[in-house]
Amino acid sequence: STYGEGEPTDNAVQFHKWASDPRNDGALKGQRFTVMGLGDMNYTKFNNMGMMTDQSLERLGGKRVYQRGVGDDSQDIAADFQAWKTEALWKALKAAIADINK
């Protein structure tokens, strides 16, 4: 979730600092991830933390298994999440699990 002008929420500050630190590059090698970013399009840096987290997880060595979702609190954030997960999230997660179990 993005707070204010593109900052992490209080409960994500420590994770964001760790994930943004280049000294940790590769720390998540082999881990799989997907990101659903939350924000409000009325702010200049809409969904900034979702974008930054997605980029950081990849830089840290993670493997994206599904496209980043975008939720807009100024519209219908629940519908945004529903559409994101309904589109193909479960199919992507099943494929990621199958890949692990090979």
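Okay, let's start with a term: helices (H or I, at least four residues) and strands (E, at least two) are DSSP runs, numbered from the N terminus. By that labelling, Asn-47 sits in the loop between strand S4 (36-39) and H2. I'll come back to Asn-47 at the end.

Some housekeeping before that. What you see is a predicted model, where local features need pLDDT of at least 70 and side-chain atom pairs count only at pLDDT 80 or more, while totals for chains, interfaces and linings use all residues. Residues are numbered from 1 along each chain as its sequence is written, and side-chain values use heavy atoms, with hydrogens and water left out.

So, salt bridges. Side chains of opposite charge can pair when their charged atoms come close. The cut-off here is a side-chain nitrogen of Lys or Arg within 4 Å of a carboxyl oxygen of Asp or Glu. How many salt bridges does the structure hold? Six.

Take Arg-23 and Asp-21: their closest N and O atoms are 2.5 Å apart. Now, for accessibility, buried means under 20% relative accessible area, exposed over 50%, and partly exposed in between, with a 1.4 Å probe and protein chains only. Arg-23, at 73%, counts as exposed, whereas Asp-21, at 17%, counts as buried.

Next up, Arg-59 and Asp-25, whose side chains meet in a salt bridge at 2.5 Å, N to O. Arg-59 is in helix H2 (residues 48-59) and Asp-25 is in the loop between helix H1 (13-20) and strand S3 (32-33), so this pair ties together parts 34 residues apart in sequence. Both partners are partly exposed: Arg-59 has a relative accessible area of 33%, and Asp-25 has 39%.

Asp-54 belongs to helix H2 and Arg-64 to strand S5 (residues 63-64), so the parts being tied together are ten residues apart in sequence. Asp-54 is buried, at 8% relative accessible area, while Arg-64 is partly exposed at 31%. And then there's a network: Arg-32, Lys-63 and Asp-99 are joined by salt bridges that share partners.

Asn-47 isn't glycine, yet its phi is positive, near 60°. And is Asn-47 buried or exposed? Buried, with a relative accessible area of 2%.

That's it from me.
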